[in-house]
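Morning, everyone. Please have a look at the sequence and the structure on the screen.

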Amino acid sequence: MKTDHEIKPVEVFAGTTVQASILKSLLENAEIDAYLKDEFSGTLYPWHTTPGGIGAVKVFVSSVDFEKARIVVDEYERNLE
């Protein structure tokens, strides 16, 4: 088990407010705690939000859950195509 010093937030996705919110829900359904960063910027200025770019809303998980979260994120990204 990792110590508290090794546990860090890890960004797993960056996209629009809608994409980030959907992914957060999918992660929570998989029993993975997820947090959004820059959610308000994406809501106030949606025309400036580009997936993975300027103004993107970011999804973070604990480094402990990273591998499990990566599976959910990869499946979600495949479905976006």
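Which residue forms a salt bridge with Arg70 at 2.9 Å between the closest N and O atoms? Asp74 does. Keep in mind that this is a predicted model.

Where does this pair sit? Arg70 and Asp74 both lie in helix α3, residues 66-80. They are four residues apart, about one turn of the helix. Arg70 has a relative accessible area of 23%, so Arg70 is partly exposed. Asp74 is at 30%, so Asp74 is partly exposed too.

Arg70 has another partner. Its side chain also meets the side chain of Glu77 in a salt bridge, 3.4 Å from N to O. Glu77 has a relative accessible area of 30% and counts as partly exposed. Shared partners join Arg70, Asp74 and Glu77 into one salt-bridge network.

Now to helix α1. That helix covers residues 17-29. Glu28 forms a salt bridge with Lys24. The closest N and O atoms are 2.8 Å apart. Why is the separation about one helical turn? Because Glu28 and Lys24 are four residues apart in helix α1. Glu28 is partly exposed at 38% relative accessible area. Lys24 is partly exposed at 23%.

How many salt bridges does the structure hold? Four.

Last item: a nonpolar patch on the surface. Val18, Ile22 and Leu26 form it. Together they have about 250 Å² of accessible area. Leu26 lies in helix α1.

Notes:
Residues are numbered from 1 along each chain as its sequence is written. This is a predicted model: local features need pLDDT of at least 70, side-chain atom pairs count only at pLDDT 80 or more; totals for chains, interfaces and linings use all residues. Side-chain values use heavy atoms; hydrogens and water are left out. Patches are made of residues with over 30% relative accessible area and no salt bridge: like charges are joined within 9 Å, nonpolar side chains (Val, Leu, Ile, Met, Phe, Trp, Tyr) within 5 Å. Accessible areas come from the Shrake-Rupley method with a 1.4 Å probe; for residues, only the protein chains shown count as cover. Helices (H or I, at least four residues) and strands (E, at least two) are DSSP runs, numbered from the N terminus. Buried means under 20% relative accessible area, exposed over 50%, partly exposed in between (1.4 Å probe, protein chains only).
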